[in-house]
Amino acid sequence: MSDWPLWEVFVRSKGGLAHRHFGSVHAPDAEIALRHARDTYTRRMEGVSLWVVRSSDIVASDPDDAGQLFEPAADKVYRHPTFYEIPDEVKHI
Amino acid sequence: MPSLPPIRPEDVAVAEKTRPHGAFDPPSDAHDPVRAGYLMRLGDDALILGQRLSEWCGHAPSVEVDLSLANVALDLIGQATLLLNEAGDADTLAFKRDVLDFRNCWLVEQPNGDFARTMVRQLLFSTWQHMLYQRLTASRDEALAGIAAKAVKEVAYHRELAAEWVIRLGDGTEESTKRTLDGLAWCWRFVPELFEVDAEVEAAVSAGIAVDPRDFEAEYRAEITRALGEAGLPVPDDQRPILGGRRGHHSEHLGHLLAIMQYLPRTYPDAKW
């Protein structure tokens, strides 16, 4: 329905993992948004927990500011923790 | 989309090896007419409503609602497959019986009407089915108890989804309220059939297979009254009940539904895909 607001959907794939952005749904209110998210994004056992948030409530960075926001990090390799060896047993880093 | 490679004989051999033991064996007590008859009623309810709901596919008010309805339809067709495979062979029962041999209730075969009528029908049916399946998990028939235990979670969701929509439509705009009231007026006369107990159900209850639906009629009426109250809708006056689906007496609508559902297997018998 054209007057339904848009909601962003976040799915936790399994216990211990963070919720990840999956997509969006239209719905008249939060309760129905949660049901639409369930029916649209978790039909094939993709998740154990759902979040929905109104798209209009998300504060986003301006793509035109990408230069000043992100480019200064490009040459600062020392900020990456890549100089450590990660044991095989450690997952999800 | 690239097409799938053809199935090779060695794939068939692997599939045969991994097939669960007894998966396609005929049910051990298919000869028990009381049991098979009761399972057929439950299976036909699920099958016919599943087919009805699938008519919404591609026509729902929004793509999200389209998916919701298709999910409910698929849940119901899954339940029908399990139940009818206990009563006999599901495909044969679904595609090779004629109208008079179907044992579903009148409510599930009613045309979808608009979205409001579809949701009212779903609320009336899923609430009944949920209360029934909750009790059938204690059936003495292990297979039926198992199917009920699996299905009861699906049905709980259908019931909540339908209630949410009826509340929003009933308590929505002037137009949505009017349509929901119309849907309720259409469906209400089919409710008493859900609680009808004939000799066949009595025999199945005595055998410990079935549940007497009258045990939860008061609870059902209270729950529907509560949901309608939340939707700001009055409980309709009781009308002359329409009965007979369990004996094969159906509305004209079922024949049209079956003509579509059975067309392919009847035109191309034993077609494989």
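How much space lies in the largest cavity? About 140 Å³. The model is predicted: local features need pLDDT of at least 70, side-chain atom pairs count only at pLDDT 80 or more, and totals for chains, interfaces and linings use all residues. Residues are numbered from 1 along each chain as its sequence is written, chains are lettered from A in the order in which they are written, and side-chain values use heavy atoms, without hydrogens and water.

**Largest cavity**
- A cavity is a set of points on a 1 Å grid over the protein atoms alone where a 1.4 Å probe fits but cannot get out; lining residues have an atom within 4 Å of a point.
- The whole structure holds three cavities of 30 Å³ or more.
- Lining the largest are 14 residues, with B:Tyr38, B:Trp128, B:Leu194, B:Val201 and B:Arg246 closest to its centre.
- α2(B) gives the most to this lining, four residues.

**Largest pocket**
- A pocket is an open set of such points with protein on both sides within 12 Å along at least five of seven lines.
- The largest pocket contains about 870 Å³ of space.
- Among its 22 lining residues, B:Asp91, B:Phe95, B:Leu264, B:Pro265 and B:Trp273 are the closest to its centre.
- α4(B) supplies the largest share of the lining, five residues.

**Helix α8(B)**
- Its buried residues (under 20% relative accessible area, 1.4 Å probe, protein chains only) are B:Ser176, B:Thr180, B:Gly183, B:Leu184 and B:Cys187.
- They lie on the same side of α8(B), because they cover an arc of only 100° around the axis, taken from the directions to the C-beta atoms.

Conventions:
Grid points are joined across faces, edges and corners, and a volume is the space filled by probe spheres set on the points. Helices (H or I, at least four residues) and strands (E, at least two) are DSSP runs, numbered from the N terminus. Buried means under 20% relative accessible area, exposed over 50%, partly exposed in between (1.4 Å probe, protein chains only).
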